Amino acid sequence: MLTSDKIIGIFCFIDGLLKTSHHYEDSRRQVSDSEIITTAVVSSLYFGRHQDKARQFMKMTGMVRRMLDKSRFNRRLHSLAELIYSLFMQIGYYLKYISCEMNYVLDSFPVAVCDNIRILKTRILKGKQWHGKQTSMRRYFYGVKVQLLITKDGIPVEFGFVPGSEHDAQALRKLPLELPAESKIFADSAYTNYEIEDQLMETEQIALKVHRKSNATRKDSASAAFIKEYMRKRVETTIREIKGLFLRKLHAVTFKGWLLKITLFIFAFTINKIIP
């Protein structure tokens with residue numbers, strides 16, 4: 001539910017993160033970075049990323065009295081893209097190391113930039129590497145895969161983007177996977193890569209618990225298969241909840257702007273899970 005207390009809580013949380021990271025900004029600014037990011041989070045949570053509606057709402061309710069116009073707000077928000085990702089990683093670090101979380105679940109989900117029929121007309125992406133297949137839904141898409149690592153309670157701690165055609169097992173090498181020693185990562189069979197499993201265990205003491213197919217070289221016991229299946233359902237629920245925040249289509253002028261929108265949905269979802 002959208003309440004003033006909720007918005008104030010989000011603002012205080014973001015402002016605290018910025019202060020902790022020693023973020024500097026010009027004191028002469030009429031609208032702070034905290035207010036810009038809070039407005040973007042409110043937009044993602046309650047307005048389906050209708051940025052202008054959220055901007056007007058924050059101004060009308062007096063939450064941000066000197067709100068920037070649409071163009072200036074958009075430029076400021078895009079300039080903060082790397083900072084927003086950094087804040088997300090800061091939250092992830094806290095959950096992983098301060099809260100001593102040890103069990104994680106990894107999965108991916110596709111985000112299409114356009115329908116297949118419009119592939120030749122799209123200007124945001126070009127190339128066959130973006131043309132992927134979502135096996136579970138038996139459909140093709142043109143866009144990216146979001147690799148998402150969550151806690152057992154469904155809170156994202158890491159995410160990354162890979163081209164739609166890239167296999168999940170390959171994407172494993174592109175994720176930081178910066179986790180405490182003796183952590184466990186549960187994943188579906190698409191992440192089967194024995195080499196990476198062995199490397200993670202030998203070098204980081206991290207156990208990659210991949211769901212085994214019936215013809216897998218390394219078999220699961222009945223109890224291990226049950227635990228892996230149970231943990232996988234948690235990430236499927238989280239992905240469904242994140243995509244529930246999306247509009248039917250995400251519109252953007254540039255590829256970076258499009259990725260920023262996805263980032264904000266994940267960032268906003270994470271904050272919403274943390275702040276009651």
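**Salt bridges, strand pairing and a helix contact**

The count comes to 17 salt bridges, a salt bridge being a side-chain nitrogen of Lys or Arg within 4 Å of a carboxyl oxygen of Asp or Glu. This is a predicted model, in which local features need pLDDT of at least 70 and side-chain atom pairs count only at pLDDT 80 or more, while totals for chains, interfaces and linings use all residues. Residues are numbered from 1 along each chain as its sequence is written, and side-chain values use heavy atoms, with hydrogens and water left out.

**Salt bridge**
- Lys 152 and Glu 101 meet through their side chains in a salt bridge at 3.3 Å, N to O.
- This pair links distant parts of the chain, 51 residues apart, with Lys 152 in the loop between strand S3 (139-151) and strand S4 (156-163) and Glu 101 in the loop between H5 and S1; helices (H or I, at least four residues) and strands (E, at least two) are DSSP runs, numbered from the N terminus.

**Parallel strands**
- Strand S1 (residues 103-114) runs parallel to S5 and is joined to S5 by 4 bridges, where pairing requires that DSSP finds at least two bridges between two strands.
- Strand S5 (residues 184-187) is also joined by 4 bridges to strand S6 (residues 207-210), and these two run parallel.
- Ile 185 stands opposite Tyr 104 and also opposite Leu 208 in S6, while Ala 187 stands opposite Val 210 in S6.

**Helix contact**
- The axes of helix H5 (residues 81-98) and helix H9 (residues 255-274) come within 10 Å and cross at roughly 35 degrees, the axes being lines fitted to C-alpha atoms over the stretch in contact, with angles from 0 to 180 degrees between N-to-C directions.
- By class, the contact of H5 with H9 (heavy atoms within 4.5 Å) has 11 nonpolar, 2 polar and no charged residues, where Ala, Val, Leu, Ile, Met, Phe, Trp, Tyr, Cys and Pro count as nonpolar, Asp, Glu, Lys and Arg as charged, and the others, Gly among them, as polar.
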